[in-house]
Amino acid sequence: MWARQRETSSMYKRTTSRDYSDSLDVESRDYMNTMEEAKSALLQDDVGIETSNPSWKLSFPHVVVATISSFLFGYHLGVVNEPLESISVDLGFSGNTLAEGLVVSTCLGGAFIGSLFSGWIADGLGRRRAFQLCALPMIMGAAMSATSKTLAGMLLGRLFVGAGMGLGPPVAALYVTEVSPSFVRGTYGSLIQIATCLGIMGALFVGIPVKDVAGWWRVCFWLSTIPAIILAIAMIFCAESPSWLYKQGRTAEAEVEFERLFGASHVNVAMTELAKLDRGDEAESVKISELLSGPHFRVVFIGSTLFALQQLSGINAVFYFSSAVFKKAGVSSSLANVFIGIVNLTGSVIATALMDKLGRKILLQWSFFGMSMAMAVQVAAATLASETGSLYLSVGGMLMFVFTFALGAGPVPGLLLSEIFPNRIRAKAMAFCMSVHWVINFFVGLLFLRLLEQLGPGLLYSIFATFCMMAVVFVKRNVVETKGKSLQEIEIALLSQD
């Protein structure tokens, strides 16, 4: 198989990335004005160029393997929800709410660390090895948690798992964006959110026997090592990101991977698009200061603000504390989690169908608007005199909030940011923005119950609704539509606005 690919790719000229870029500048120097002129120039080459869309079937298996990291992300978010009581009894900290909170939140600290370094790992080792490195702490951490006899052992395991959780999502967003044909990039990006939902629901169903089978919580952790091992092994057979290979000056290998992902007839067009924005500085290290000032500040600001508004909308407060609302309505926590999971998954599936039809921007706007209306329902529920009516409104508002979140605010930011960031800073900018995500996530989870007690549900949900409306305005003014555009066209559109 590899021999055949090398033979096929030998028809292409083997040069350094800078030489390749220079030669393509001669053929398609008017590319900055229109992609069509570049394609017309390329048609004069000896190698036939196919101008139709490449087959999605070639890249799909690689994307599916990448989404295993998102499944693991969702699984470890939900794996302690049902078993937490049994864990606390077996490890001797039952009734200690601080210790129980640490078992849940230690993952967030590990995730912050993992996401902070994810960009440097993805750029230094490549996307495939970053996935494998993401799987390693998840395997080790799950094994530590499953075999722990003390609270300290459990927390250490959760910290390791969190590091893998933080590393996985930004690398998944990068990889899916860089290996996907533009016409299905939105659909593929939505698969990340669906995999996360499936992971959360998988953790819920695996945890059902925990109250009836002694020590079942250890099985819950052991089971998570299976998809992690599959991810580490399957990545050996997946394509490396052509964008990353090109940045490393490995042009010939980038051509081979494009052939695997898009087909031989699309290699020259793909390489042309990749070469157009290479300015000869791709190999230089990107510093944090470059992300916070200079020409890249605007896109990093957009990315960080989007993730901040996503968390300040109150979504994780809803996920973390939904069981209490359902219990007041007479619904068990297990059934409540099923309802939340089904609604979240349904919204994500619908988003997959709409992402490449309606576009990212419109989904984001209507998603945040729907979330603000759902929070308005929650405010009405908090002020309603009738207790029965209040409970129905509260449950309905919560389900509506989760559904509208899954339509856009959930899946779009990760995909959109990996599209709008220039190739040179993409990995590190994603890492920075995901770090913002985890910091705000931590503080929302930490302060929600205290704010609920001090401010009351009506005022607190009004604050969340206000952030959602701020997000609508921010998206309208700052976000560019990326549907159906190549990564290079998107970068040109953003540069033209500066």
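Start at Glu419. Its relative accessibility is 1%, so Glu419 counts as buried, the cut-off being under 20%. This is a predicted model, by the way. What does Glu419 form a salt bridge with? The partner is Arg360, and the closest N and O atoms are 2.6 Å apart. That pair links distant parts of the chain: Glu419 sits in helix H22, residues 412-420, and Arg360 in helix H20, residues 360-383. They are 59 residues apart. Arg360 is buried too, with a relative accessible area of 0%.

Next, helix H23. Lys428 and Asp123 meet in a salt bridge, 2.7 Å from N to O. Lys428 is in H23, residues 426-455, while Asp123 is in helix H7, residues 97-125. The separation is 305 residues. Lys428 is buried at 7% relative accessible area. Asp123 is buried at 10%.

Now Arg426. Its salt bridge is with Glu178, with 3.0 Å between the closest N and O atoms. Glu178 lies in helix H9, residues 151-179, and Arg426 in H23, so the pair ties together parts 248 residues apart in sequence. Both Glu178 and Arg426 are buried.

Asp123, Arg127, Glu178, Lys247, Arg426 and Lys428 are linked in a network of salt bridges. How many salt bridges does the model have? The count comes to 10.

Last, the cysteines. The disulfide count is zero.

Methods. Residues are numbered from 1 along each chain as its sequence is written. This is a predicted model: local features need pLDDT of at least 70, side-chain atom pairs count only at pLDDT 80 or more; totals for chains, interfaces and linings use all residues. Side-chain values use heavy atoms; hydrogens and water are left out. A disulfide is a pair of cysteine sulfur atoms within 2.5 Å. A salt bridge is a side-chain nitrogen of Lys or Arg within 4 Å of a carboxyl oxygen of Asp or Glu. Helices (H or I, at least four residues) and strands (E, at least two) are DSSP runs, numbered from the N terminus. Buried means under 20% relative accessible area, exposed over 50%, partly exposed in between (1.4 Å probe, protein chains only).
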